[in-house]
Amino acid sequence: MKALLILALSLVSLSASAESIYCTFTEPFLTVTYNSETNKIRVDSAEHGSAETTAHVIFKSGGILHIDAEGITQYLEVNLTKEGSDGMSDAIYPFEGKISELLVGGCETDTLKKRQ
């Protein structure tokens with residue numbers, strides 16, 4: 001639990017050691033990136049292009065990092081206690097990501113990368 005707190009604090013830190021979270025989803029194919037240094041969230045979709053906006057981060061119980069995006073009704077939740085998958089490869093991501101409880105994917109950070 002102590003490690004989760006340290007990771008969570010480093011994700012929202014505005015210091016030189018800022019982390020980014022990269023989440024990958026399939027069906028539809030999209031990538032969501034949260035940058036803790038700029039406090040921006042970016043959504044990249046092959047079908048709909050890209051959008052970037054300010055993020056609002058909330059730490060929920062059970063190791064959940066909840067990220068709302070300004071002007072976007074959907075939200076990203078990163079489960080810091082559960083491994084994730086992109087649904088198409090054999091890669092194991094250090095965290096599970098969910099978009100509005102509809103899409104499930106895998107998330108990694110600058111220092112905690114997916115395993116093949």
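In β8, Phe95 has Cys107 as its bridge partner. This link belongs to the antiparallel pairing of β7 and β8, which runs over five bridges; two strands count as paired if DSSP finds at least two bridges between them. Strands are DSSP runs (E, at least two residues), numbered from the N terminus. The model you are looking at is predicted, so local features need pLDDT of at least 70 and side-chain atom pairs count only at pLDDT 80 or more, while totals for chains, interfaces and linings use all residues. Residues are numbered from 1 along each chain as its sequence is written, and side-chain values use heavy atoms, with hydrogens and water left out.

**The barrel and its pairings**

- Eight strands close into a barrel in the order β1-β2-β3-β4-β5-β6-β7-β8, with antiparallel pairing.
- From one strand to the next, the twist averages 30 degrees (axes are lines fitted to C-alpha atoms, and angles run from 0 to 180 degrees between N-to-C directions).
- β1 and β8 pair in the antiparallel sense over four bridges, and here Cys107 turns up again, as the bridge partner of Cys23.
- β1 and β2 are joined by six bridges, also antiparallel, and Phe25 stands opposite Leu30 in β2.
- These two strands, β1 and β2, form a hairpin with four residues between them, and Glu27 in the turn has a positive phi of about 55 degrees.

**The nonpolar core**

- A nonpolar core is a set of buried Ala, Val, Leu, Ile, Met, Phe, Trp, Tyr and Cys residues joined through side-chain atoms within 4.5 Å.
- The largest one here has 18 residues, and among those touching the most other members are Cys23, Phe25 and Val32.
- Strands that each supply at least two residues of this core include β1 (20-25), β2 (30-35) and β8 (103-109).
- Val32 is in contact with residues including Ile21, Phe25, Leu76 and Ile99, leaving aside neighbours within four places in sequence; contact means heavy atoms within 4.5 Å.
- In soluble globular proteins, nonpolar side chains tend to be buried together.

**Two loop residues**

- Ser36 is found in the loop between β2 and β3 (40-45).
- Ser36 counts as buried because its relative accessibility is 1% (buried is under 20% relative accessible area, exposed over 50%, partly exposed in between, with a 1.4 Å probe and protein chains only).
- The Ser36 side chain reaches the backbone oxygen of Glu19 at 2.7 Å.
- Met88 lies in the loop between β6 and β7, and counts as exposed because its relative accessibility is 54%.
- Not counting residues up to four places away in sequence, Met88 touches Thr26 and Phe29.

Key
Polar contact = N/O pair within 3.5 Å; in protein donor to acceptor, adjacent residues only side chain to side chain.
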